[in-house]
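Please examine the model shown here together with the explanation that follows.

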Amino acid sequence: MNKLLISACLLGDPVRYDGKSKALHHGGLAALLEQDRIIGYCPEVAGGLPIPRNAAEIQMGDGAAVIAGQAKVVTRDGSDVTGYFLSGAKQALALCRQHDIRIAVLTESSPSCGSSRIYNGSFSRHAIPGSGVTAALLKQHGIRVFSQHQLDEALSQLQSQGGEQS
Ligand code: SF4
């Protein structure tokens with residue numbers, strides 16, 4: 001049965017930059033967890049960044065621009081952490097390929113996981129349209145990426161791929 005990749009912080013893992021989680025509570029997710037069809041993943045931690053860590057944003061573009069080498073990810077204090085973000089994104093893609101995952105639910109607005117908007121790099125909480133680095137790389141390889149606000153739609157797509165949720 002098809003599996004779902006999901007941001008680890010949405011599963012309640014305290015992996016965010018501030019050491020907190022962003023836990024989702026949803027019956028459909030609980031059923032998939034019981035069936036061992038959920039893979040939780042944090043690209044920033046997998047890429048080698050610590051918990052907690054400095055907040056980071058993409059500057060001069062979005063995740064696709066980072067992948068193309070035209071933008072970078074920097075922390076509030078100016079450190080370039082692009083390499084960590086790219087490493088986490090590549091590992092996410094490898095994980096999806098390993099498990100034949102075609103749907104992901106990732107945390108909106110994150111510079112890694114955001115799927116429709118990210119912050120603009122000014123650390124002023126100003127959001128712009130665009131994807132984070134991991135979300136962009138997964139999309140480029142045909143994986144459908146949803147935010148946590150689209151969980152019902154993601155689960156419905158997963159079910160239509162051929163696996164029952166419960
Ligand atoms: S990188 Fe993604 S999974 Fe990790 S804490 Fe940020 S939003 Fe959550």
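Predicted model: local features only at pLDDT ≥ 70, side-chain atom pairs only at ≥ 80, totals over all residues.

## A guided reading of the model

Cys113 has a relative accessibility of 6% and therefore counts as buried, the limit being under 20%. How many disulfides does the structure hold? The number is 0. Cys96 is accordingly in no disulfide, and the nearest cysteine sulfur, that of Cys113, lies 11 Å away.

Which residues are closest to the ligand? They are Cys9, Cys42, Glu44, Thr107 and Cys113, out of 14 residues that surround it. By class, the shell around the ligand divides into 7 nonpolar, 4 polar and 3 charged residues.

Rolling a probe the size of a water molecule over the atoms shows where empty space is left. The ligand sits in the largest pocket of the model. That pocket contains about 610 Å³ of space. It is lined by 33 residues, of which Arg16, Tyr17, Ser109, Ser110 and Pro111 are the closest to its centre. Helix H2 (43-46), strand S3 (56-59) and strand S6 (117-119) are the elements that give two or more residues to the lining. The lining residues comprise 16 nonpolar, 8 polar and 9 charged.

Most residues other than glycine have a negative phi, and most peptide bonds are trans. Where does the chain contain a cis peptide bond? The bond from Ile51 to Pro52 is cis, with omega near -10 degrees. Pro52 belongs to the loop between H2 and S3.

Positive phi values occur at Met60 and Asp100, neither of which is a glycine. For Met60, phi is near 75 degrees, and the residue lies in the loop between S3 and helix H3 (63-67). Is Met60 buried or exposed? Its relative accessibility is 61%, so Met60 counts as exposed. For Asp100, phi is near 55 degrees. Asp100 is placed in the loop between helix H4 (82-99) and strand S5 (103-106), and at 45% relative accessibility it counts as partly exposed.

Helix H5 itself spans residues 133-140 and is mostly covered, with 6 of its 8 residues buried. Which residues of H5 are buried? They are Val133, Thr134, Ala135, Ala136, Leu137 and Leu138. An α-helix has 3.6 residues a turn, so residues three or four places apart point the same way. In H5, the buried residues include Val133, Ala136 and Leu137.

The strands may be followed in chain order. Ile39 is placed in strand S2 (residues 38-41); its relative accessible area is 14%, so Ile39 is buried. The C-alpha atom of Ile39 is separated by 20 Å from that of Leu49, a residue 10 positions apart along the chain. Val105, in strand S5, has a relative accessible area of 0% and is therefore buried. Between Val105 and Ser87 there are 18 residues of sequence separation and 19 Å of space, taken from C-alpha to C-alpha.

Strand S6, one of the elements that contribute to the pocket lining, contains Arg117. With a relative accessible area of 36%, Arg117 is partly exposed. Arg117 and Gly132 are 15 residues apart in sequence, and their C-alpha atoms are 7.9 Å apart in space. His126 is found in the loop between S6 and strand S7 (127-129). At 43% relative accessibility, His126 counts as partly exposed. From His126 to Gly83 the separation is 43 residues in sequence and 24 Å in space, C-alpha to C-alpha.

Conventions: Residues numbered from 1 in each chain as written. Heavy atoms only, no water. Near = heavy atom within 4 Å. 1 Å grid on protein atoms, 1.4 Å probe; cavity = no way out; pocket = protein on both sides within 12 Å on 5 of 7 lines; lining within 4 Å. Sits in = over half its atoms within 2 Å of the grid points. Nonpolar A, V, L, I, M, F, W, Y, C, P; charged D, E, K, R; others polar. Buried < 20%, exposed > 50% of the residue type's maximum accessible area, 1.4 Å probe, protein only. Helix = DSSP H or I, 4+ residues; strand = E, 2+ residues; numbered from the N terminus. Points joined across faces, edges and corners; volume = space filled by probe spheres on them. Disulfide = S-S within 2.5 Å.
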